[in-house]
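Below is a short briefing on one structure. The points are grouped by topic.

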Amino acid sequence: MKKKIRILIAKPGLDGHDRGAKFIARALRDAGMEVIYTGIRQTPESIADTAIQEDVDFVGLSLLSGAHNVLFPKVVEELREKGAEDIVVFGGGVIPEDDIPFLKKKGVQAVFTPGTSIKDVVDFINKKMNEKN
Amino acid sequence: MKKISEISEKIIQGDIRAIARGISLVENGGEEGEELLKNLYVEGRSYILGITGPPGAGKSSLINLLIDKFKEHFNKVAVLAIDPSSPFTGGAILGDRIRMQTHTGDPNVYIRSMASRGHLGGIAGATKDAIKVVSAGGYDLVIVETVGVGQSEIDVVKLADTTVLVLVPGLGDEIQAMKSGIMEIGDLFVINKSDKPESEKLATTVRWIVDEHYKDSEYKPPIIPTSVYKNEGIGDAVRDIIKHKEYIYRTGIHTNKIKLRIKDDINSLLERKLNDFIQKHIKYPEKIEKWVEQVYRGESTPFEIIKSIHENLIIDVKEEI
Ligand code: B12
Ligand SMILES: Nc1nc2c(ncn2[C@@H]2O[C@H](COP(=O)(O)OP(=O)(O)OP(=O)(O)O)[C@@H](O)[C@H]2O)c(=O)[nH]1
Ligand SMILES: [Mg+2]
């Protein structure tokens, strides 16, 4: 049997905008993936713990509040500290273009802003999955 | 991928990452999963609690509250929460965990979402093996939450030592329809959402069915009203679950359950291994199309083919010995 892709969709911090996260979760389910959604108001630490317990291949972060420059890198760090740097972190939401290079430098491997097509997200995931194996 | 022996070692030490990886390996099946189970086969070491009931009954929310109380009785708690896979895409949204997320970060609680992956019966095909992984990892309580089920999906009863059936007011006629089915499922009946009207009526109906069914039995399943919203009845549920645990340990019912599960394990392994062995010896992959062709052309029948395979096979095995 082909390995199933497991992915965690998570909302760090206090941001309550959850439409985008739920939309992405459903879209990835429809693309054949197993998606775990944390719900809102998660700490970077609990996101990393969840990712490890669920043995996911990817963590997709969603943030519309503007706190991405702090919270996204924090999740990457937490995973690294817990010895799970092989889990790919990416994200989306209302994120200014200018912030994206910084986030990538910090280990957030892709950022998807409003209007991105789900196909681009799925292509990214499949590409990363192939690189892993 | 790390070596399987290394992962097994770490699982036994209780390493979370290894346990999580181990469950994925048994979920994905194949040789690595089998190798892992070979290293850490256990049966009957943990107490296994099944939580089942219709969709939205409050199973996950209840487990979330139960975990706190269970900590007085067990050292480490693992939850395996199963949600259905889409039959069309194979994907799944695993939503049980959201309700238990407050326990993430507690080193003595491990929560794992599992997709049913086409398995019917309310659990995933790999649930049984995942139980073995967490059991080897030192979790002395394993809680299995099934997919929201109807009456035919009762596989969890075979895996669990104690099964709790969660019911909620508003099911109306369904309860009547389930009448025959539910008695086989529940060792305990929890009436959740008792903050809602009609909950007493439901409790009365269930009580009536239970009394009728367990007339002459030593054990009578308790009926426990709970409300997650008001945090009521949770302590009662835990008390009665522990009572059932003590009852099955005392009476030998537990021992029988374990032996049945071991028998199941032997049977399924035997079936698979024998099948592999025979297929190899009769050169099945090379020959099957030829056999089909022979029967199609009227030169043979499936019975004749099996007979000749059978005769040759006996010779083969003898030679090997
Ligand atoms: C709807 C909305 C709300 C709703 C939210 C409902 C809900 N449950 O989600 C309500 C009315 C509650 C709300 C409240 C507030 N909002 Co508002 N809200 C919006 C609005 C108009 C649309 C957001 C939305 O749902 N879009 C639809 C979804 C599907 O799109 P999306 O989330 O962007 O997701 C897409 C991509 O970003 C990407 N994506 C998103 N996440 C992820 C994750 C991954 C892994 C991937 C791959 C992709 C991905 O894919 C999605 C599909 O393309 C935006 C403005 C805007 N145009 O974005 C403001 C906006 C986000 N809100 C804003 C603000 C300020 C607020 C409030 C603070 C207002 C206030 N003062 O009270 C509150 C805060 C609420 C809270 N608790 O956090 C600001 C944020 C400013 C900032 N970032 O600096 C915005 C940008 C408006 C603005 N221009 O000022 N809001
Ligand atoms: N009124 C009331 N609502 C409750 C109670 N317990 C749970 N709920 C709500 O019922 C809904 C379903 O709860 P879950 O815990 O997800 O139910 P579940 O049985 O795990 O659901 P599935 O896993 O999807 O079958 C949620 O909105 C809960 O908040 C309760 O005691 N009273
Ligand atoms: Mg649930």
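**Domains, sheet, metal site and interface**

In this predicted model, the domain assignment divides chain B into domain 1 (1-41), domain 2 (43-251) and domain 3 (262-320).

**Domain 1 against domain 2 (chain B)**

- The C-alpha centres of domain 1 of chain B and domain 2 of chain B are 26 Å apart.
- On the domain 1 side of chain B, 16 residues make contact with 17 residues of domain 2 of chain B.
- About 1500 Å² is buried between domain 1 of chain B and domain 2 of chain B, and 65% of this lies on carbon and sulfur atoms.
- Of the area that domain 1 of chain B buries against domain 2 of chain B, 40% comes from Ile23(B), Glu27(B) and Tyr41(B), more than from any other three residues.

**The sheet of chain B**

- Chain B has an open sheet of seven strands with parallel pairing, in the order S4-S2-S5-S1-S6-S7-S8.
- Strand S4 (109-115) and strand S8 (223-225) of chain B are at the edges with a single partner strand each, so one side of each has no neighbour in the sheet.
- From one strand to the next, the twist averages 20°.
- Three bridges join strand S7 (residues 188-191) of chain B to S8(B) in the parallel sense. Val190(B) has Ile224(B), in S8(B), as its bridge partner.
- Packed on the sheet is helix H5 (residues 127-136) of chain B, which touches strand S1 (47-52), strand S2 (77-83), S4 and S5 of chain B. The direction of helix H5 of chain B makes about 160° with that of S2(B).

**Magnesium site**

- Ser60(B) (OG), Asp96(B) (OD) and Glu145(B) (OE) coordinate the magnesium ion (ligand 3) at 2.0 to 2.1 Å.
- The spacing of these donor residues in sequence is S-x35-D-x48-E.
- Ser60(B) belongs to helix H4 (residues 59-70) of chain B and Glu145(B) to strand S5 (residues 141-145) of chain B, so the pair ties together parts that are 85 residues apart in sequence.
- Ser60(B) and Glu145(B) are both buried.

**Chain A against chain B**

- Contacts between the chains involve 28 residues of chain A and 25 residues of chain B.
- The two chains, A and B, bury about 2300 Å² between them, with 48% of it on carbon and sulfur atoms.

Note on methods
Residues are numbered from 1 along each chain as its sequence is written. Chains are lettered from A and ligands numbered from 1 in the order in which they are written. This is a predicted model: local features need pLDDT of at least 70, side-chain atom pairs count only at pLDDT 80 or more; totals for chains, interfaces and linings use all residues. Side-chain values use heavy atoms; hydrogens and water are left out. Donors are N, O and S atoms within 2.8 Å of the metal (3.2 Å for Na, K and Ca); water is not among the atoms, so sites may look incomplete. Helices (H or I, at least four residues) and strands (E, at least two) are DSSP runs, numbered from the N terminus. Buried means under 20% relative accessible area, exposed over 50%, partly exposed in between (1.4 Å probe, protein chains only). Two strands pair if DSSP finds at least two bridges between them. Axes are lines fitted to C-alpha atoms, for helices over the stretch in contact, and angles run from 0 to 180 degrees between N-to-C directions. Contact means heavy atoms within 4.5 Å. Domain bounds come from an automatic or database domain assignment. Buried area is the accessible area (1.4 Å probe) that two parts lose on being put together, summed over both.
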